[in-house]
Amino acid sequence: MTDTILRSSVTTMLGNHPFAAPLRGALTRLRDLPVAVQQQARRNAMVAATACTKRRVEREEVADFLEHHNRGTQQAASVESTEPAAAPTARAHG
């Protein structure tokens, strides 16, 4: 049913009864409830998707940092292991 048909059926059903105005408001809210609920659910889903995306990006940045950091540590260790050991120097005690 279209919105116009629903309104006219509510008006026809309630007429000009003294309690009609509050009931019309309640019926309008009930009629609009599914749309409002769906819109709120969509907003919640967008917020959740944004939060998940931010966490994924941060997780990837941390993984990249750790990968580059580990590479640098491994390269430094391999350079240290290939350098000749320095001869110990004798020191005079005086």
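This section describes the fold, surface and salt bridges of a predicted model. Residues are numbered from 1 along each chain as its sequence is written, and side-chain values use heavy atoms, without hydrogens or water. Local features need pLDDT of at least 70 and side-chain atom pairs pLDDT 80 or more, while totals for chains, interfaces and linings use all residues.

The chain holds two helices and zero strands (DSSP runs, H or I of at least four residues for helices, E of at least two for strands, numbered from the N terminus). Helix α2 covers residues 20–82. Of the 94 residues, 2% count as buried (under 20% relative accessible area; exposed is over 50%, partly exposed in between, with a 1.4 Å probe and protein chains only). The chain exposes about 8500 Å², of which carbon and sulfur atoms supply 61% (Shrake-Rupley method, 1.4 Å probe).

Leu-30, Leu-33 and Val-37 make a nonpolar surface patch of about 290 Å² (residues with over 30% relative accessible area and no salt bridge, nonpolar side chains joined within 5 Å, like charges within 9 Å). Leu-33 lies in helix α2 and is partly exposed at 46%.

Three salt bridges were found in the whole structure (a side-chain nitrogen of Lys or Arg within 4 Å of a carboxyl oxygen of Asp or Glu). Arg-71 pairs with Glu-67, with the closest N and O atoms 2.4 Å apart. Both lie in helix α2, four residues apart, about one turn of the helix. Arg-56 and Glu-60 form another, at 3.4 Å. They too lie in helix α2, four residues apart. Asp-32 bridges to Arg-31 at 3.5 Å. Arg-31 is partly exposed at 21%, and Asp-32 is partly exposed at 37%.
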